[in-house]
Amino acid sequence: QVQLVESGGGLVQAGGSLRLSCATSGSIFSISTMAWYRQAPGNQREFVATITKAGTTNYPDSVKGRFTISRDNAKNTVYLQMNSLKPEDTAVYYCYARIIMRWGTGPEDHWGQGTQVTVSS
């Protein structure tokens with residue numbers, strides 16, 4: 001089995017910063033894309049940042065220039081540095097990883113349990 005465990009969420013004032021971490025563990029042969037998504041109450045889950053194994057990143061306009069995704073392939077861990085936070089960034093943030101568990105098998109989508117980020121005005 002594979003586990004993704006997020007940490008680093010919390011309460012912060014507008015303009016502040018937080019750094020989220022997501023550590024993967026279990027039966028892992030290879031991880032390709034890793035990403036962060038978020039979901040605010042009453043809204044659909046939305047894409048926040050993605051990073052390939054080679055380090056290519058992508059962001060939506062809503063967070064571009066404020067958020068930075070990075071990963072440590074040796075530790076199978078992905079990070080999200082969030083700066084200049086706004087109240088509209090308040091949401092549960094979910095880690096995503098596309099994982100091949102064994103050689104010769106196809107990739108599977110895995111999600112973390114989520115971590116709450118609350119930005120006060």
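Reply: Gladly! S21 touches V5, E6, S7, W36, V78 and Y79, leaving aside residues up to four places away in sequence; contact means heavy atoms within 4.5 Å. This is a predicted model, where local features need pLDDT of at least 70, side-chain atom pairs count only at pLDDT 80 or more, and totals for chains, interfaces and linings use all residues. Residues are numbered from 1 along each chain as its sequence is written, and side-chain values use heavy atoms, without hydrogens and water.

Me: Is S21 buried or exposed?
Reply: Buried means under 20% relative accessible area, exposed over 50%, and partly exposed in between (1.4 Å probe, protein chains only). S21 has 18% relative accessibility, so the residue counts as buried.

Me: How far apart in space are S21 and E6, C-alpha to C-alpha?
Reply: S21 sits in strand β3 (residues 18-26); strands are DSSP runs of E, at least two residues, numbered from the N terminus. In sequence, S21 and E6 are 15 residues apart, yet their C-alpha distance is 5.5 Å.

Me: How many aromatic pairs are there, and what kind is Y37 with F47?
Reply: Rings of Phe, Tyr and Trp (its six-membered ring) pair if their centres lie within 6.5 Å; planes under 30 degrees apart are stacked, over 60 edge-to-face and the rest tilted. The structure holds four such pairs. For Y37 and F47, the centres are 6.1 Å apart and the planes at 65 degrees, so this pair is edge-to-face.

Me: Which residues form one aromatic cluster with Y37?
Reply: Y37 is partly exposed at 24% relative accessibility, and F47 is partly exposed at 27%. The cluster is formed by Y37, F47, Y96 and W111.

Conventions. Helix = DSSP H or I, 4+ residues; strand = E, 2+ residues; numbered from the N terminus.
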